[in-house]
Structure formats: structure tokens, C-alpha cells
Amino acid sequence: MVISLLYYIIMKKVYPLLYLLPALLIIVLFRLFPMVFSFCISLTDYGLGGFRKFVVLQNYSKLLCEPKFWQSFLNTIYYVLGVVPLGLFIALFFALLLNQRIKALGLYRTIYFLPVITSLVAISIVWKWIFNPRIGLANYFLGLLGIPKCLWLEEWSGIFQILLSPLGIKLPPLLAGPSIALCAIILMSIWHGLGYNVIIFLAGLQNIPKHYYEAAKIDGAGTWHSFWYVTWPLLSPTTFFVLLMTTITSFQMFIQVYMMEGPTGGNPLGTTRVLVYYLYEKGFAEWQMGYATALAFVLFVIILCLTLVQRQILARRIHYQ
């Protein structure tokens, strides 16, 4: 009886857990342990020479009182507000075009997806050359249109201030808007992520049953009404996924700034310094690892809270059928 009970416990309870043990070890060693260890570092004065002393929450209080942090946070917000709405709108527009029956459709889809599989480092270098104020293509085309040349990645002026300056309105620095340099990086980021979002939207469009459009056509609905009352509601799960992922990746943006405005670039008056680049400066340029780790956890909390807010507000508006 006892042997049978032990055999039952081992085979039904313990034995299945052994299959989960490899995955559990990987999660603990490469996910859970680094997170706990990083949080411990954020509570210390940890630098190039290693651990010095515990400072508890001093890194967090110092961070919240640091002007560069708030400037980086504002730049990140500008970047997210520039990339996410425009990226979604443009991707949905091209997805609707590519969802039609046209010749060489596969070729067009491949062309739009090519930037996604291209190295972001290489793309950043190419766009840095495009935005070169002296020999770049951007200023060349502006010259063809009779528009004065722009400094692009070297221009720190806020776009809102530039638009309102002819009216004699002077805005404080916090309200001047994203700089021209940051707008240039936003433009490049939208172009780079366009192909991925287009593919996701295409998958969502092709999952919408055709009989809904047939029923709408019988009821006399035109192209716009079919989109607004059929396509848009049934595309809401896809839109929610793209919105969520684009927001998260936008907060984690680093390579564009590092390659286009990094140590060998401009970063005019810090107007292109986003949170992850500020983290890099503190952690790997100034070797304030404790401070940088605290910044990483603050960024994690920001992304987590924003994701929960998006889920709470938008989840109720998603239509799955």
C-alpha cells in the first residue's frame, strides 16, 4: 500500500515536474536572478571598482531630482508620441493598399519588409548621411523645392517654437516641442518599423471573413462605411497588439540615438537624449552602475504602468467577432 502510494505520488506529481525543470532553471538563472541582482545593485553605490556601500533609495531620490532625467523622460515621451500614432496610421494605410488584388503584390510586400530585416546600425548610418546638412539628400530635395536648408541632426530648436515664432510667441523650453534632430530620428524610426506593422495589419485584414463585406455591400455601404463599421472594429485586436508592442519598443529606443547622435555625433543640448541613452551614459560612460540600474527599474515601472493603463482602457473596446 505504501509502495503504491509512493509510486503514485512520484509518477503523478513529481515526475511531470521534472519535464518543467530545464525551462524553470533557464527562467530562474537568466531572468529572475538577474532582475533580483539588478534591483540589489540599484540600492548600492556600485561603480567601476565594484560595490562600495549601500545607499538604499538614494539613487532613486537623486534620479527624480536630476534635470537630465526629466529632459530625457520628456524626449522619450515626444519620441513615443511621434512614432506610435504616425507609425500605426501609415502602416494601416499601406496594409490596406497591399491587401488589394494588384500585380507583383509579393514584391511590394517584400520591399516594405526589407528595412525590418536590415541591421538598424547600418540603417542609422545611412540616414545619418541622408540628414547631413552639407551633402545629405534631405537638404538636396529641400533645395529643389526652394526651402532653406536645415541642420537636421544638429538642430536643437523645438518644432512648436519654430512654428509659433513668426507669431512672436516664445514658449518655455519644456513646451518648445521635440527638436528637429529628434524629429529626424522619429522619421527614420517610423520608416524602419513600417514593414513589421504592415505585415501584422495584413494578417489581421486577411483574417476578416469576406461575407461581412458582402453583407455590408448588400446593405448599400460604400468603401468608407465598410472600413468604419466592418474593417476597423474587427481589426481592433491587431491594432491593440501593434499599439502595445510599438509603445514598448519606442520606450526602449537606443541604437538610433547612439549611432546618429552618440559620442561622435551631436546630441544638440541633450534634445535627443532618451531614457535608455541616458541610462547608457550613466552606466557605461560614467560607471555609475547603481544609479543606472535604478534608472532601468524606473523605466520598467513606467512601461508596466503604461501597458496596464492601455490594457484597462482599450481592452473593453476590442471586438473579436
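Is the crossing of α3 and α8 right-handed or left-handed? The close-up views below take up this crossing and three further sites in a predicted model, in which local features need pLDDT of at least 70 and side-chain atom pairs count only at pLDDT 80 or more, while totals for chains, interfaces and linings use all residues. Residues are numbered from 1 along each chain as its sequence is written, and side-chain values use heavy atoms, with hydrogens and water left out.

**View 1. Helices α3 and α8 cross in a right-handed manner.** Helix α3 covers residues 67-98 and helix α8 residues 180-206, and their axes come within 7 Å and cross at roughly 40°. Helices here are DSSP runs (H or I, at least four residues), numbered from the N terminus, and axes are lines fitted to C-alpha atoms over the stretch in contact, with angles running from 0 to 180 degrees between N-to-C directions. α3 and α8 are therefore oblique to each other, given that angles under 35 degrees count as roughly parallel, over 145 as roughly antiparallel, 65 to 115 as roughly perpendicular and the rest as oblique. A crossing is right-handed if the near helix is turned clockwise from the far one by less than a right angle, and left-handed if anticlockwise. By class, the contact of α3 with α8 has 21 nonpolar, five polar and no charged residues.

**View 2. Helix α13 packs against helix α14 in a left-handed crossing.** The axes of α13 (residues 275-285) and α14 (residues 289-314) come within 8 Å and cross at roughly 165°, which makes α13 roughly antiparallel to α14. With contact taken as heavy atoms within 4.5 Å, the α13 residues that meet α14 include L275, Y278 and K282, and their counterparts in α14 include Y291, L295 and I302. The residues of this contact of α13 with α14 divide into 11 nonpolar, one polar and one charged.

**View 3. T293 is a buried residue of the model.** T293 is found in helix α14 and has a relative accessible area of 12%, where buried means under 20%, exposed over 50% and partly exposed in between (1.4 Å probe, protein chains only). Not counting residues up to four places away in sequence, T293 touches S38, I41 and S42.

View 4. A disulfide is taken as a pair of cysteine sulfur atoms within 2.5 Å. The sulfur of C65 is 20 Å from the closest cysteine sulfur, in C305, which is too far for a bond. C65 is exposed, at a relative accessible area of 66%, whereas C40 counts as partly exposed at 38%.

Technical notes:
Helix = DSSP H or I, 4+ residues; strand = E, 2+ residues; numbered from the N terminus. Nonpolar A, V, L, I, M, F, W, Y, C, P; charged D, E, K, R; others polar.
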